[in-house]
Amino acid sequence: MPEKRKIAILGSTGSIGTQALDVVRQHPDRFEVELLVARNSWKLLAEQARRYDVNAVVITDESCYKPLSEALEDTDVKVFAGMDSVCSLVTGDNIDMVVAAMVGFSGLKPTLAAIGAGKPIALANKETLVAAGSIVMSRAREAGVPILPVDSEHSAIFQCLLGAVGNHIRKLHITASGGPFRTWEKDRIAQATKAEALRHPNWDMGAKITIDSATMMNKGFEVIEASWLFDVGPDRINVVVHPESIVHSMVEFDDGAVIAQLGHPDMREPIQLALSFPERLSLDNRKLDFATLGSLTFSEPDRDKFPCLSLAFEAMSRGGNIPCALNAANEAAVKAFLEDRIGFYDIAAVARACMDGVSFIGEPSLEDIFATNDEVYRRASEMTLKRDFRW
C-alpha cells in the first residue's frame, strides 16, 4: 500500500480547504493532515485541528492567536501566528504536499516558500499565477516541483492533456457558467446588489471568488493562469459560456478533434485528483447519468456586459506587472463592493484606472511584484473611498 501523503492546507476554513478535508476524511489510509492555515476563522480552525489530529496550525491574523491557542491548550497541536510562520512551516520535512488555497495575493509568499523547499503544489490560488506567473513557474521548473491544478477548469485541461501524447494544442476552451447575471440586461446588472451577486447558480464558493465570478474577472484570471500552467498564448485560449457547468473545459488539436472533461459541479473531484495523482481514488459524489442529463448549451460571453473579462485578456497581452496591478485593483474594488461602498460596474472602472495608471515594468522582479501590489491596492482603496476612479 502506498505511504500516506502528509498534507498542508493553506486556507483550510475556506471553500476549497473544507472540501479538501472532506477528501482526507474519505481516504484516511492515503492522506494525513500535518498543517492547517486560516486567516481569522479561529473557531473553525480549532475544530478542524481536533478532528484531523493535526501537528500544527497557523492563524495569519495575529489578533486571533490568543483565543486559538486557548481553544487548543488541552491538545498537542502546536499553534503559530503570522505569515512568516506559514512560510517556515510549509518547508518542513513532515510535509509532502501543499494545498495552496488562501484567497488573493496573500497566497504568493507561502507558495514560493513551499516551491523553494521542493514541495509539490496543489494550486487553488489563481492570484499567485496572475500576479507573478513568470516567477512562480520559473522557480517551479528550477526546483523540479510539480504544480497540480485544483481549479475545475485547469484540472479539466490537465486531464485532457494526458491524452495529448505530446501533440500540438490548437486551442484551450475554458468554460464559464456565466454567473448569476448571465441573462440580465446591462442596465439591471448596473444596479445589482451584493446579495444578488453572491447567489451563484452552480457553485458554492467564498464571497470574493463569487463576486469575481459574477463580474467574470474570475474567468479572466483563469485565462491568465491557464496561459502560465500550459504555456499557451492568449490568442489560443477561448472562453465559452456553459451554464450547466458539466463540461469543465476542453482542448482542441490541430486536426479539429476536441477532448473534454465532464462532471457535476463538485470541487472535491479536482481536489482529490491533485492530491492522489496519478491515481484516481473512489469518491462519494454524484455521478453523471447521461440518459437524464438533458441538453448542454454553449455561447459566447458578452464582453459589453462583463468588461472585466476583456481587462484580463488585455492585462495578459500587455504582460509585465500589469496582471499584478489588475489583481490588486480587483481585490480592493471587490472588498469595497462587499462593504457596499461602490457599485457593481465600479469594480471594472477601478481596475481600468489602475491598469492605465501603473508604471509598466516589463520583466518584474519579485520585489517589483510586491511593490506593484502594495501601490495599486493602496491607490485602488483610496479611489473606492473617494469614489474617484481616476488614477
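**Reading the sheet and the helix pairs**

Reply: Start with the sheet. An open sheet of 4 strands has the order β9-β8-β10-β11, and its pairing is mixed. The edge strands are β9 (237–241) and β11 (258–262), each pairing on one side only. From one strand to the next, the twist averages 20 degrees.

Me: Before we go on, what kind of model is this, and how are residues numbered?

Reply: This is a predicted model, where local features need pLDDT of at least 70 and side-chain atom pairs count only at pLDDT 80 or more, while totals for chains, interfaces and linings use all residues. Residues are numbered from 1 along each chain as its sequence is written, and side-chain values use heavy atoms, leaving out hydrogens and water.

Me: How do I read strand pairing, and which way do β10 and β11 run?

Reply: Strands of a sheet pair through backbone hydrogen bonds, either parallel or antiparallel. Here a pair needs at least two DSSP bridges between the strands. Strands (E, at least two residues) and helices (H or I, at least four) are DSSP runs, numbered from the N terminus. Strand β10 (residues 247–253) is joined to β11 by 5 bridges, and the two run antiparallel. Valine 247 stands opposite leucine 262 in β11.

Me: Which helix packs on the sheet?

Reply: Helix α7 (residues 152–161) does, touching β8 (169–176), β10 and β11. Contact means heavy atoms within 4.5 Å. The direction of α7 makes about 40 degrees with that of β10.

Me: How do I describe two packed helices?

Reply: Use the angle between their axes and the distance between the axes. Axes are lines fitted to C-alpha atoms, for helices over the stretch in contact, and angles run from 0 to 180 degrees between N-to-C directions. Take helix α5 (residues 108–116) and helix α16 (residues 366–386): their axes come within 13 Å and cross at roughly 165 degrees. That makes α5 roughly antiparallel to α16, the label for angles over 145 degrees; under 35 is roughly parallel, 65 to 115 roughly perpendicular and the rest oblique.

Me: Which residues meet there?

Reply: Leu108, Lys109 and Leu112 in α5 meet Leu366, Ile369 and Phe370 in α16. By class, that contact has 5 nonpolar, no polar and 1 charged residues. Ala, Val, Leu, Ile, Met, Phe, Trp, Tyr, Cys and Pro count as nonpolar, Asp, Glu, Lys and Arg as charged, and the others, Gly among them, as polar.

Me: How do α15 and α16 cross?

Reply: The axes of helix α15 (residues 346–357) and α16 come within 10 Å, crossing at roughly 135 degrees. The two are therefore oblique to each other.
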